[in-house]
Amino acid sequence: MSSIKKNEIASYELPATQLDEKSRKARDEKIQIATIALCGCWGCTLSFLDMDEKMIDLFDKIAITRSSFSDVKRIPHRCAIGFVEGGIANEENIETLIHFRENCDILISVGACAIWGGVPAMRNLVSLEDCFKEAYLESPTMLPEQEKILPFHEDLPPITNKVYPCHEIVKMDYFLPGCPPDGDAIFKVLDDLANGREVDLPREINRFD
Ligand code: SF4
């Protein structure tokens, strides 16, 4: 298996699968789904796994074109539904979100971080300068002899002054609250959309904590 360099990740395409023509056509005719994690903790992404075996029947209708688990930040063809975990904390998050908006018919904010910034948005209470100072220059966990360095590299995306919710960057079509949302809630939204129904999320699985 070939290794991928860090600066190649954004443009990396998954290798062609070994599907025969008929299987590839069947896959491509399904409803294409993409998911991506921006500035979050991946807890919402893990909730996707909580859909468990309920997903099996849905796979007759849907195909997952891009998954947050591969963290490939570009989608190769238009998708019907995009799920976005996490808010916007750097310029790469902005580029990725705009790319998803341009390539997904329906875009869904999943979880508190995508909807209002969540835990990362706590840094909005202080200036970016103070935030960097606390994290890298005056951190109580630094050893006295430790060199004080602000991390900088051309491959590191510039940090935004504030953490933003996704809908302040692009239009989002649905909001799925929770920290994280239940796997059952994600499944209900996906099942409704895949079957052409209005999204109808019962209160008992629509959590705000
Ligand atoms: Fe993690 Fe909660 Fe943010 Fe989801 S909403 S990414 S679970 S902190």
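Is arginine 197 buried, partly exposed or exposed, and why does it count as such? Arginine 197 counts as partly exposed because its relative accessibility is 39%, where buried means under 20% relative accessible area, exposed over 50%, and partly exposed in between (1.4 Å probe, protein chains only).

The model that supplies this value is predicted: local features need pLDDT of at least 70 and side-chain atom pairs count only at pLDDT 80 or more, while totals for chains, interfaces and linings use all residues. Residues are numbered from 1 along each chain as its sequence is written, and side-chain values use heavy atoms, with hydrogens and water left out.

The overall architecture comes before the details. The protein contains 7 helices and 7 strands, which are DSSP runs numbered from the N terminus (helices: H or I, at least four residues; strands: E, at least two). Read from the N terminus, the order of elements is α-β-α-α-β-β-β-α-β-α-α-β-β-α. The C-alpha trace spans about 60 × 45 × 30 Å along its principal axes. Of the 209 residues in the protein, 38% are buried. Among contacts (heavy atoms within 4.5 Å) with a separation of 6 or more, 79% are between residues 24 or more positions apart.

The surface can be described next. The protein exposes about 12500 Å², and carbon and sulfur atoms supply 56% of this area; accessible areas come from the Shrake-Rupley method with a 1.4 Å probe, and for residues only the protein chains shown count as cover. Leu46, Leu49 and Phe69 make a nonpolar surface patch of about 300 Å². Such patches consist of residues with over 30% relative accessible area and no salt bridge, nonpolar side chains (Val, Leu, Ile, Met, Phe, Trp, Tyr) being joined within 5 Å and like charges within 9 Å. Leucine 49 belongs to helix 2, residues 43-49, and is partly exposed because its relative accessibility is 49%.

Charges form the next topic. The protein has 23 positive and 36 negative charges, whose mean positions are 4 Å apart; Lys and Arg count as positive and Asp and Glu as negative, without His and the chain ends, and each charge is placed at NZ of Lys, CZ of Arg, CG of Asp or CD of Glu. Side chains of opposite charge can pair when their charged atoms come close. The structure holds 12 salt bridges, each a side-chain nitrogen of Lys or Arg within 4 Å of a carboxyl oxygen of Asp or Glu.

One of these salt bridges joins lysine 54 and aspartate 184, at 2.7 Å from N to O. The pair links distant parts of the chain, 130 residues apart: lysine 54 is in the loop between helix 2 and helix 3 (55-58), and aspartate 184 is in helix 7 (residues 183-194). Lysine 54 is partly exposed because its relative accessibility is 34%, and aspartate 184 is partly exposed because its relative accessible area is 35%.

Another salt bridge pairs glutamate 95 with arginine 74, at 4.0 Å from N to O. Glutamate 95 lies in helix 4 (residues 91-103) and arginine 74 in the loop between strand 2 (62-66) and strand 3 (79-85), so the pair ties together parts 21 residues apart in sequence.

Salt bridges with shared partners also join Lys188, Asp191, Asp192 and Arg197 into one network. Arginine 197 is placed in the segment after helix 7. Leaving aside neighbours within four places in sequence, arginine 197 is in contact with Asp191 and Asp192.
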